[in-house]
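Please look through the sequence and the model shown below before reading on.

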Amino acid sequence: MAATRLPRRQMVSEAQIWEWLAEVPDPEIPVISVTELGIVRDVAFDGPELVVTVTPTYSGCPATSVINFEIEKKLREKGVGKLRLERRLDPPWTTDWIAPEAREKLRAYGIAPPIDGTRAEGVVAGRIKRLNGAALVVPCPRCGSENTQKVSQFGSTPCKAAYQCRDCLEPFDYFKCI
Amino acid sequence: MALAALDLDQALFEGLCRLGDSTLVLGHRVSEWCGHAPVLEEDIALANVALDLIGQTQMWLGLAGEVEGKGRDADTLAFRRDVWDFRNLLLVERPNGDFGHTLMRQFLFDAWHQPMLKALEGSGDARIAEIAAKAGKEVAYHLERSADLVIRLGDGTTESHQRMQTALDKLWPYTGEMMMADATDQALAGAGIIAAPDSLRPAWDALVGEVLTEATLKPPEGRYMHKGGKQGTHSEHLGHMLTEMQWLQRAYPDAKW
């Protein structure tokens, strides 16, 4: 692939870098980009060097290194010479950062988008409340029915839970809140 | 003063190995289920939990290597140390046993892990606080699952109840170590880096008590608690686990693919 190197003195704006990054798809969920996922935290120039700061979704997510590779590949293709990728943990990634328009893309792709404010508290009170009927309702991304059930808290990737629709009977992924 | 700082760095390295080795050993144990769980969904759930724990290990042991300053990274610490250098809790090196035994071990650990990380979010060391905040979000889901399954299996059939009670009886004597402090813990707690281990006792007791009651399970009467994992005295089981886990790096050091 012939990478066109940028002319030596040409300054690229940070806005331009963001636009290029918006073309990098998430490797697991290719309908949304890494910027829509909210994992690119910062783009800045440190002198002549471009520094892109990325935060992981889940600490053990195998896609993290692929994402870094794809980001580097895209920017190299665009002619960025000096590039550094940095990891930032604080503040930790939250599904709240997934862009509103990306949620519709998730739904259209068959993944129920996260329902904000439903993070696992991991405390007995929250669990008992759910057992007593205050269960989270996740509408089916295919038929829209709210008659769905959780099959497992853990799905095909670390960020998803497995659900099934009781009406259309389709199994589907739910992008769980963290 | 310089000596005190050196001692604190040594304690910090030890403390980080305790965190990272516990997540590493439990992560590896849980990953042993991959492809063997009773149902597909549980197989996937176990693999996901293992993945989170290994990810957290990379952060803890990565920081441990940085603090130590001898050029060892997370992989070197994981694959090039022998049993006596591991600082994990004895609970997590217990063999998997049956599915119920694995879940009981997970629950007893999660019930400590979650409040422990919550407390670490207030650590005076910002590097520790940020890892704890990240890991805590994942562990909240681990605890939710393990607590739910302990209840469902404990308060389930006669067979599942019996298996869960047996698992609890066997694992209970390994739970005390989580809340027991030694000089390293005291030094770190005194410096505001970690929460004193015994300060986590009330939260653990309350959560475990509530879930076990709902699961119709009873902790055994005996008070004896094993200890030594955090100081490097391990059961025979860990050596066997490391033999398998470290085999490739031992046979082909620095192998890359």
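Predicted model: local features only at pLDDT ≥ 70, side-chain atom pairs only at ≥ 80, totals over all residues.

Strands of a sheet pair through backbone hydrogen bonds, and the pairing can be either parallel or antiparallel. Strand 1 and strand 2 (residues 49-54) of chain A pair in the antiparallel sense, and six bridges connect them.

These strands belong to an open sheet of three strands in chain A, whose order is 1-2-3 and whose pairing is mixed. At its edges are strand 1 (40-46) and strand 3 (83-87) of chain A, each of which pairs on one side only. If direction is ignored, neighbouring strands of this sheet are turned by 20° against each other on average. Across strand 1 and strand 2 of chain A lies helix 1 (residues 14-21) of chain A, which runs at about 140° to strand 1 of chain A.

Now step back to chain A as a whole, which has four helices and seven strands, arranged along the sequence in the pattern α-β-β-α-β-α-β-α-β-β-β. Of its 178 residues, 45% count as buried. Among the contacts in chain A between residues at least 6 apart in sequence, 56% join residues at least 24 apart.

Chain A is divided into two domains, namely domain 1 (14-87) and domain 2 (108-175), and each of them gives seven residues to the contact between them. Together these two domains of chain A bury about 610 Å², with 85% of that area on carbon and sulfur atoms. Which three residues supply 60% of the area that domain 1 of chain A buries against domain 2 of chain A? They are Ile29(A), Val31(A) and Tyr58(A), which supply more than any other three residues. The count of salt bridges between domain 1 and domain 2 of chain A is zero.

Within chain B, His28(B) has its place in helix 1 (residues 2-31) of that chain. Is His28(B) buried or exposed? Because the cut-off for a buried residue is under 20% relative accessible area, His28(B), at 15%, counts as buried. Leaving aside residues up to four places away in sequence, His28(B) touches Ile54(B), Met241(B), Glu244(B) and Met245(B).

Finally, some details of the backbone are worth checking. Most residues other than glycine have a negative phi, and most peptide bonds are trans. A cis peptide bond, with omega of about -5°, joins Asp90(A) and Pro91(A), and Pro91(A) lies in the loop between strand 3 and helix 3 (100-109) of chain A. Thr216(B), although not a glycine, has a positive phi of about 55°; this residue is in the loop between helix 9 (201-214) and helix 10 (236-245) of chain B, and Thr216(B) is partly exposed, with a relative accessible area of 41%. Asp254(B), which is also a residue other than glycine, has a positive phi near 65°. Asp254(B) is placed in the segment after helix 11 (247-251) of chain B and, at 54% relative accessibility, counts as exposed.

Key
Residues numbered from 1 in each chain as written. Chains lettered and ligands numbered in written order. Heavy atoms only, no water. Helix = DSSP H or I, 4+ residues; strand = E, 2+ residues; numbered from the N terminus. Buried < 20%, exposed > 50% of the residue type's maximum accessible area, 1.4 Å probe, protein only. Contact = heavy atoms within 4.5 Å. Pairing = 2+ DSSP bridges. Axes fitted to C-alpha atoms, helices over the stretch in contact; angles between N-to-C directions. Domains from an automatic or database assignment. Buried area = accessible area lost by both parts, 1.4 Å probe. Salt bridge = Lys/Arg side-chain N within 4 Å of Asp/Glu carboxyl O.
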